[in-house]
Each structure stands twice: as C-alpha cells, then as structure tokens.
Amino acid sequence: MAHLLHTTFLPSSSSCAILRRPQTRIFRVSRGRVRVDAKIREIFMPALSSTMTEGKIVSWVKSEGEKLAKGESVVVVESDKADMDVETFYDGYLAKIMVDEGGVAAVGSAIALLAESEDEIAEAQAKAAATTASPVSSSSSSSTETLSTATPVDPPQQEKVKAAGTVVPAAAGTAVGSAAHPASEGGKRIVASPYAKKLAKELKVELGRVVGTGPMGRIVAKDVEAAASTAATATPSASPAAVVASSPPAAGVELGSTVPFTTMQSAVSRNMLESLSVPTFRVGYTITTNELDALYKKIKSKGVTMTALLAKATALALVKHPVVNSSCRDGNSFTYNSSINIAVAVAIDGGLITPVLQDADKADIYSLSRKWKELVDKARAKQLQPHEYNTGTFTLSNLGMFGVDRFDAILPPGTGAIMAVGASQPSVVASKDGRIGMKNQMQVNVTADHRVIYGADLAQFLQTLAKIIEDPKDLTF
C-alpha cells in the first residue's frame with residue numbers, strides 16, 4: 001500500500017529531542033500551514049493508492065474535542081478507487097478538523113490536529129484559526145516532510161511507515177457499513193457525523209429515522225440528503241398532474257446542470273487519456289456457448305457465477321499464450337507477468353472499477369466464485385484494498401447481461417489486453433456437414449497493445465479460448 005496517513009511532531013528536526021522537552025510549545029504559521037511543537041500533531045491526508053494525488057473526506061468518525069484511543073477509526077477518506085476507514089496510531093484528542101466533510105485535500109497536506117491532552121486543544125484551535133491558506137484545494141501541490149510523493153510501499157516496509165506516522169488504514173472489511181443498520185438502536189444515542197447533524201437541521205430531517213451507511217451504521221451527509229430527497233418526493237403537490245410535470249426524467253439528474261467529476265471519475269478520465277498514447281488494435285471471434293451454458297445451469301446452484309467461469313476459461317487460455325498476458329510500461333521493454341490476474345470491470349455508483357481475481361488459473365471454480373462475490377460486495381461498498389483492484393494483468397469487460405452483442409473496450413494503462421464479452425444468443429448456423437441448426441453464440445472482441453501483442457498472437461489465443469469454452473470440462477477441476 002502507498003504511504004499511510006501520518007501525524008508527526010513539527011518542526012521535525014529531531015523527534016527524540018522534542019520528546020525530551022514536552023513542556024515546550026512553539027506555534028507558528030509557515031507557508032499557510034500550522035506548525036506545532038510539543039504534543040500537538042498534524043494528521044495528514046494519506047496516499048491510499050499509487051495513483052492517488054488527493055483525497056475527499058467522506059465523513060469524520062470523531063468530532064472535535066473527542067478523545068481518541070490508539071487503533072480507533074477517525075475519518076473515512078475517498079480515494080480514486082475506494083472509501084477507506086482510517087484509524088489513529090496514537091492516543092489523544094481530536095483538537096481541530098481542518099478539512100470538513102466533502103472537502104478535498106492533497107496527499108500529504110494537513111486535515112486535522114491531534115492533541116495529547118485536553119489542555120492543548122484550545123491552543124491548537126487558536127493557532128489553526130491563524131492560518132490564512134486552506135488545505136482544501138484540488139490543485140494544491142503542497143506536501144509534507146514525510147509525504148512528498150505517492151509511491152507504493154511493499155508489505156514488509158509497512159510497519160516502518162506505521163512507526164513514522166499516526167493514522168493507518170483499518171483492516172479490510174472494518175469500514176463496511178450495513179445498509180440495514182440504523183445509527184440509533186434500542187434508545188441509544190444517534191451516531192452521526194457533525195456535518196450530517198448540521199445538514200439534518202438545515203433540511204429538517206429527523207436523524208432518528210435515518211439509516212446510516214457509514215462505518216458501523218454511522219449517519220453521514222449523503223444519508224441525510226437521501227432522506228430529505230425521499231421526503232420531498234413523498235410530499236403531495238397541488239395535483240397529480242403537477243407531480244408528473246415537475247418530475248425529472250431520471251432520479252437525481254437535473255437537466256442543464258454542470259456536475260464536477262467525482263474522485264473516481266477524475267481517475268478514470270486520467271486513465272482514458274493515458275490509453276490514447278498506446279497503439280492498439282482489435283480482433284473479434286465468435287464462440288459457441290452451448291456446453292458452457294449447460295455447465296453453468298448444472299453448477300450455479302453451488303454458487304458458481306458465469307463471471308468466474310469466463311475468468312477461469314480466459315486464465316487457462318493465457319497459460320498457453322503468455323505474451324497476451326504480458327505488459328509494456330516504459331515503451332522500451334515488456335514483461336511476461338508471472339501471475340495470471342484477471343481484472344473484471346464492474347460498474348458502481350459514480351464510476352467503474354476492476355476487482356482482480358488473482359492467480360485465476362490456479363484457483364478452482366468454486367473458490368473463484370466465492371472470491372468474486374466478495375470482491376463485488378467490497379467494490380460496491382467502495383472498500384477494495386489497492387491490491388484488489390490494481391494488480392490485473394488481463395481485463396474482462398462483460399456487457400452481455402444487458403443484451404449487448406458486441407462492443408469495443410478501451411485498454412487499461414499498464415496491461416497488454418482487454419476482452420469485451422457480448423451476450424450469448426441463439427443463432428442459426430451451418431454445421432460442417434452442411435446441416436442448418438440453432439446454437440448459442442457470443443461475440444468476443446479483444447483490444448491489445450500492438451507494441452507487444454500482434455494479430456497472430458491474439459488469433460491463436462482466441463482459438464484456444466474457444467476450444468476451452470466449447471468443451472468446458474477442464475473448468476471444474
């Protein structure tokens with residue numbers, strides 16, 4: 001994972017020296033950032049992926065003045081691909097929130113202050129108010145001494161990074177909110193973010209009736225907005241005709257409005273522009289799916305998905321054609337990837353993400369299906385870890401469930417090929433003996449990097465894939 005969310009003693013000429021003089025407190029403003037000595041630390045925006053340059057605050061789990069214990073969740077941050085719950089690495093008090101919910105901050109910039117004692121809260125707040133430049137800026141290029149660039153961190157090095165900072169991403173799954181888990185149960189207090197409470201008051205929404213989707217059922221701003229929207233829709237108008245006339249053509253869409261990109265949409269935009277620099281070509285193939293369809297009907301009751309079957313078939317074909325699983329990143333060489341990791345495009349609210357089935361050639365179809373369901377759930381909850389979406393070596397994009405029979409897919413940067421899969425449909429075909437019959441067929445269309453993969457490579461790969469799908473007995477082993 002990339003650099004983790006940090007807090008440090010500042011200025012940081014020597015952390016040990018500062019620790020030896022805890023009674024010393026020196027505050028000053030430098031380049032628009034709060035600089036604090038002694039026991040007040042800055043909490044920085046983390047780099048949650050190697051491509052992340054800025055993050056959006058989804059919700060603050062803690063409010064200003066609340067006491068924090070080491071390991072507690074503090075804030076939920078939206079990166080370019082996922083929402084991640086992050087936790088503190090120190091005990092203390094959340095002295096000052098410097099980036100409100102919905103705000104954007106550059107990686108490495110300060111988003112809050114952490115005080116060690118209650119006595120220091122007022123001091124931190126006073127000095128934070130003295131700053132004139134806000135860190136909430138998508139164009140900010142400021143960085144900190146410990147977080148200058150978003151570079152990947154190998155797993156063995158992560159403990160070193162934790163030692164240098166104060167907030168680390170929570171374990172996978174800990175931040176997934178339950179859509180059916182109200183923030184107030186059994187007469188307990190309502191758990192909502194400060195901004196959600198403020199918004200509820202403005203929109204006249206009763207928080208006790210709102211179901212929270214944040215961490216542990218916490219109510220966040222989007223939950224309040226959704227409740228307000230639902231209430232507005234349910235409010236009767238002067239006449240039924242007036243309701244029809246004023247209803248927008250699609251929920252949540254205001255015609256004529258200009259909507260800025262979300263963090264994820266910005267990342268997709270950058271990737272698509274990068275793809276334009278790669279010389280690509282396309283090869284299509286028609287595959288008969290009668291046997292695959294029969295196999296799916298036979299084993300789907302055991303939890304097997306069609307996506308897993310297609311991923312497994314593709315992985316087995318790539319074993320025999322490693323050049324199609326290769327990638328070119330520098331324009332001067334290419335890599336025969338040692339693993340076959342099938343990334344599958346998934347449409348989620350506000351964007352697109354590609355969860356990765358790692359070592360798909362080695363996993364059995366049942367394990368692969370269970371893993372796929374887990375990845376989809378995490379993707380839609382925006383809780384995928386970076387290694388679960390950025391390690392693909394070959395990509396599948398399937399629009400067949402929408403009845404699309406053929407389409408072209410754009411090559412993701414850093415990979416060699418992507419395969420667009422259309423719907424399996426009954427077709428009238430002629431057999432080798434000249435007879436006419438009905439067969440289920442699907443169209444696949446592969447887009448590939450022509451610097452590495454040539455037409456003959458794709459043709460041979462597709463022939464192998466067709467043989468596996470048309471005689472799929474090996475898929476269940």
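User: How many helices and strands does the chain have, and what share of its residues count as buried?
Analyst: The model is a predicted one, and its chain has 11 helices and 21 strands. Among contacts with a separation of 6 or more, residues 24 or more positions apart account for 68%. As for burial, the chain has 477 residues, and the share that count as buried is 45%.

User: At what angle do helix 9 and helix 10 pack, and which word describes that arrangement?
Analyst: Helix 9 covers residues 306-320 and helix 10 covers residues 365-380, and the two pack with their axes 9 Å apart at an angle of about 120°. Because angles of 65 to 115 degrees count as roughly perpendicular and those over 145 as roughly antiparallel, the arrangement of helix 9 to helix 10 is oblique.

User: Which residues of helix 10 does helix 9 meet, and how do the residues of that contact divide by class?
Analyst: From helix 9, the residues taking part are Thr 307, Ala 308, Leu 309 and Lys 312, and they meet Ile 365, Leu 368, Ser 369 and Trp 372 in helix 10. By class, the residues of the contact of helix 9 with helix 10 divide into five nonpolar, two polar and one charged.

User: What is the handedness of the crossing of helix 8 and helix 9, and which residues of helix 9 make the contact?
Analyst: Helix 8, residues 290-299, packs with helix 9 at an angle of about 130°, the axes being 10 Å apart, and that makes helix 8 oblique to helix 9. Their crossing is right-handed. On the side of helix 8 the contact is made by Leu 292, Asp 293, Leu 295, Tyr 296 and Ile 299, and on the side of helix 9 by Met 306, Leu 309 and Leu 310.

User: How do the residues in the contact of helix 9 with helix 11 divide by class?
Analyst: The axes of helix 9 and helix 11 (residues 455-470) come within 9 Å and cross at roughly 135°, and the crossing is right-handed. Helix 9 contributes Leu 310, Ala 313, Thr 314, Leu 316, Ala 317, Leu 318 and Lys 320, while helix 11 contributes Phe 461, Thr 464, Leu 465, Ile 468 and Ile 469. Sorted by class, the contact of helix 9 with helix 11 has nine nonpolar, two polar and one charged residues.

User: Which residues is Ile 342 in contact with, leaving aside its neighbours within four places in sequence?
Analyst: Ile 342 is one of the residues that touch the most other members of the largest nonpolar core. Leaving aside neighbours within four places in sequence, its contacts are Ala 311, Thr 314, Ala 315, Leu 318, Pro 355, Val 356, Leu 357, Ala 360, Phe 394 and Leu 396.

User: Is Ser 275 buried or exposed?
Analyst: Ser 275 is found in helix 7, residues 263-275, and, not counting residues up to four places away in sequence, it touches Ile 410, Leu 411, Pro 412 and Pro 413. Its relative accessibility is 7%, and because the cut-off for burial is under 20%, Ser 275 counts as buried.

User: How far apart in space are Thr 286 and Gln 441?
Analyst: Thr 286 is found in strand 13, residues 280-288, and at 33% relative accessibility it counts as partly exposed. Gln 441 is among the residues it touches, along with Met 442 and Gln 443. Although Thr 286 and Gln 441 are 155 residues apart in sequence, their C-alpha to C-alpha separation is 6.6 Å.

User: What is the phi of Lys 204, and is the residue buried or exposed?
Analyst: Most residues other than glycine have a negative phi. Lys 204, in the loop between helix 4 (194-203) and helix 5 (221-234), has a positive phi near 60°. At 76% relative accessibility, Lys 204 counts as exposed.

Conventions. Residues are numbered from 1 along each chain as its sequence is written. This is a predicted model: local features need pLDDT of at least 70, side-chain atom pairs count only at pLDDT 80 or more; totals for chains, interfaces and linings use all residues. Side-chain values use heavy atoms; hydrogens and water are left out. Axes are lines fitted to C-alpha atoms, for helices over the stretch in contact, and angles run from 0 to 180 degrees between N-to-C directions. Helices (H or I, at least four residues) and strands (E, at least two) are DSSP runs, numbered from the N terminus. Angles under 35 degrees count as roughly parallel, over 145 as roughly antiparallel, 65 to 115 as roughly perpendicular and the rest as oblique. Contact means heavy atoms within 4.5 Å. Ala, Val, Leu, Ile, Met, Phe, Trp, Tyr, Cys and Pro count as nonpolar, Asp, Glu, Lys and Arg as charged, and the others, Gly among them, as polar. A nonpolar core is a set of buried Ala, Val, Leu, Ile, Met, Phe, Trp, Tyr and Cys residues joined through side-chain atoms within 4.5 Å. Buried means under 20% relative accessible area, exposed over 50%, partly exposed in between (1.4 Å probe, protein chains only). A crossing is left-handed if the near helix is turned anticlockwise from the far one by less than a right angle, and right-handed if clockwise.
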